[in-house]
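Please find below a short note for a colleague who is meeting this structure for the first time. The points are numbered so that each may be read beside the model.

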Amino acid sequence: MPELPEVETIKLDLYKLIVNRKIVAVEVSLLKQIKNPLKYFLKNIVGVKIKQIKRRAKNLFLELDNGYFLVFHLKMTGQLIYRSKKGWLAGGGHSIRQDLKKLPNKYSHVIFTFENGARLFFNDMRQFGWVKLVDKKELEQMFKKIGPEPLDKGLTADKFMALLVKKKTAIKSLLMEQDFVAGVGNIYASEACFCAGIAPIRQANSLSPSEAKKLLLCLKKILRLAIEKKGTSVVDYVDAFGERGQMSRFLKVYGRVSQPCLKCGIPLKIMRQAQRTTVFCSHCQK
DNA sequence: CGGAGTGTTAGTCG
DNA sequence: CCGACTAACACTCC
């Protein structure tokens, strides 16, 4: 599930709950989900306080007060769920089946316990996600080749156009490349192309300056809306406050194949691009 | 039951 | 450079 807006939502939800909390215990039940030697991982986390929680692209990371950083990538099905000592929940990630709301469950691979008795569960059904403890240098290294944050004011239409002209790749695939722009995945790349009236297979360098500008504005608008709506819930995702990400109501193409285009009414089409599904309108997107 | 498809991304091959 | 394809994995849907 998580693209930029979903990771941002998790960050905002967790922010007031875990900043200034001290981690007093860590349990790891699936070693491959941590990308460090276990000893090193534990030694530098247990007994340490969380100073900040931040996001870069789809990475969520905790800044610890010993100078290290704990980086999470949720990939397809990762979740970060906070449970207070009294039992209420926060956080989110991939949809939670009713019977898996019990925590820990069979997908709880790493569990952090705080000094106030609350716990943070890193769950991942498909096990593609990971968590890695890094120092500042390694953190910079990890993020060095990631492209600009799409919501950064510094990413202007001129800069976006300058990036586009260097690329012949299909525009929709390009939007999903993390070293081009950060945090955009299949849902929001599809939506941005529809919003801008641009066919997903158009070569990036074939976009006119006005098309590029429109595409960037669309992307920013959609991402901001998605954050406001607390992300997209593809299945019956319920976040842990018992609230649902509302963004799926606002999607115009993703998941709507064969349904009428909301601009012109003809049925939306589907195609495969780079092994990913793209839904689009053959009439409105040129 | 089998096969295709799923929010990601690193990597290979031609 | 670029697109196609695979692999990592568990589960749902048809």
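The points that follow concern a predicted model and turn to a sheet, its helices and its aromatic rings.

1. The sheet. Four strands form an open sheet in the order β2-β3-β4-β9, and their pairing is antiparallel. The edges are taken by β2 (50–56) and β9 (130–134); each has a single partner strand, so one side of each is left without a neighbour in the sheet. On average, neighbouring strands of this sheet are turned by 20 degrees against each other, direction ignored.

2. Strand β2 is joined to β3 (residues 59–64) by 6 bridges, and the two run antiparallel. Two of the pairings can be followed residue by residue: Ile50 has Leu64 as its bridge partner in β3, and Arg56 has Asn59. There are 2 residues between the strands of this hairpin, and Ala57 takes a positive phi near 55 degrees.

3. Helices against the sheet. Helix α1 (residues 4–18) lies across β2 and β3, and its direction is at about 170 degrees to β2. Helix α3 (residues 136–144) lies across β2, β3, β4 (69–73) and β9, running at about 130 degrees to β9.

4. Aromatic pairs. The model contains 8 aromatic pairs, counting rings whose centres lie within 6.5 Å. One of the pairs is formed by Tyr40 and Tyr68: the ring centres are 6.1 Å apart and the planes stand at 80 degrees, so this pair is edge-to-face. Distant parts of the chain are linked in this way, since Tyr40 belongs to helix α2 (residues 38–43) and Tyr68 to the loop between β3 and β4, 28 residues apart.

5. A ring cluster. Phe61, Phe69 and Phe143 are linked into a cluster by ring pairs. The elements already described supply its members: β3 spans residues 59–64, β4 spans 69–73 and helix α3 spans residues 136–144.

6. Charges over rings. Two lysines deserve a separate remark. Elsewhere, the charged end of Lys263 sits over the ring of Phe194, 4.5 Å from the ring centre.

Note on methods:
Residues numbered from 1 in each chain as written. Chains lettered and ligands numbered in written order. Predicted model: local features only at pLDDT ≥ 70, side-chain atom pairs only at ≥ 80, totals over all residues. Heavy atoms only, no water. Pairing = 2+ DSSP bridges. Axes fitted to C-alpha atoms, helices over the stretch in contact; angles between N-to-C directions. Contact = heavy atoms within 4.5 Å. Phe/Tyr/Trp six-rings, centres within 6.5 Å; stacked < 30°, edge-to-face > 60°. Lys NZ or Arg CZ within 6 Å of the ring centre and 35° of its normal.
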